[in-house]
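Please look over the sequence and the model shown here before reading on.

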Amino acid sequence: MECVVKWVGEMTFMAETGSGHTVTMDGAPDAGGRNLAPRPMEMMLAGAGGCTAFDVVLILKRGRQDVRDCSVRLKAERAETDPKVFTRISFHYIVTGHELKPESVERAIKLSSDKYCSATIMLSKTAEIEHTWEIVQV
């Protein structure tokens, strides 16, 4: 896996991923940024959310569950001093589908958090991780 991050002015950076996609990151105005794009640490948090949501949907689909939507709301706390690592992250999953089995949703989230989601597993080295979930039946 590769990525190139280039400074493009002020405190704005452009990342080009190995798969050929670009992502812009910017800083807060008090740090010299213009608030035009997510902060790098917000990108890390979003990446963890995307990683686990991907796992959960894939696991449920493979388990022949009729999953129709999945969202994850993440809230994180950071250390007060440098390095300001994440110290606590809560993941709240809202999984929507038809006749979803609660035990299947719980299992998918557990497999993601314990085995498959490398982003969450890496972040768990510094942060206390909490997972909660709810099902919306349609």
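## The chain as a whole

The model is a predicted one, and its single description here begins with the overall make-up of the chain. The secondary structure comes to three helices and six strands, and, when these are read along the sequence, they follow the pattern β-β-β-α-β-β-α-α-β.

Taken along the principal axes, the C-alpha atoms of the chain fill a box of roughly 50 × 35 × 25 Å. The chain has 138 residues, of which buried residues make up 30%. Among the contacts in the chain with a separation of 6 or more, 51% are accounted for by residues 24 or more positions apart.

## A sheet of three strands

Three strands form an open sheet in the order S1-S2-S3, and their pairing is antiparallel. Strand S1 (3-9) and strand S3 (22-25) are the edge strands, each of them pairing on one side only. From one strand to the next, the twist averages 25°.

In general, the strands of a sheet pair through backbone hydrogen bonds, in either a parallel or an antiparallel way. Here S1 and strand S2, which covers residues 12-17, pair in the antiparallel sense over six bridges. Within this part of the sheet, Cys 3 stands opposite Thr 17 in S2.

## The largest pocket

Rolling a probe the size of a water molecule over the atoms shows where empty space is left. The largest pocket has a volume of about 520 Å³, and it is lined by 16 residues, among which Met 1, Met 43, Met 44, Gly 47 and Ala 119 lie nearest its centre. The elements that give two or more residues to this lining are helix H1 (40-62) and helix H3 (118-123).

Helix H1 gives the most to the lining of the largest pocket, with six residues. Sorted by class, the lining has 10 nonpolar, five polar and one charged residues.

## A buried serine

Is Ser 112, a residue of the chain, buried or exposed? Ser 112 is found in helix H2, which covers residues 102-116, and its relative accessibility is 0%, so it counts as buried, given that the cut-off for a buried residue is under 20% relative accessible area.

Which residues is Ser 112 in contact with, once its neighbours within four places in sequence are left aside? Ser 112 is then in contact with Thr 52, Asp 55, Val 56, Ile 59 and Cys 117.

Terms used: Residues numbered from 1 in each chain as written. Predicted model: local features only at pLDDT ≥ 70, side-chain atom pairs only at ≥ 80, totals over all residues. Heavy atoms only, no water. Pairing = 2+ DSSP bridges. Helix = DSSP H or I, 4+ residues; strand = E, 2+ residues; numbered from the N terminus. Axes fitted to C-alpha atoms, helices over the stretch in contact; angles between N-to-C directions. 1 Å grid on protein atoms, 1.4 Å probe; cavity = no way out; pocket = protein on both sides within 12 Å on 5 of 7 lines; lining within 4 Å. Points joined across faces, edges and corners; volume = space filled by probe spheres on them. Nonpolar A, V, L, I, M, F, W, Y, C, P; charged D, E, K, R; others polar. Buried < 20%, exposed > 50% of the residue type's maximum accessible area, 1.4 Å probe, protein only. Contact = heavy atoms within 4.5 Å.
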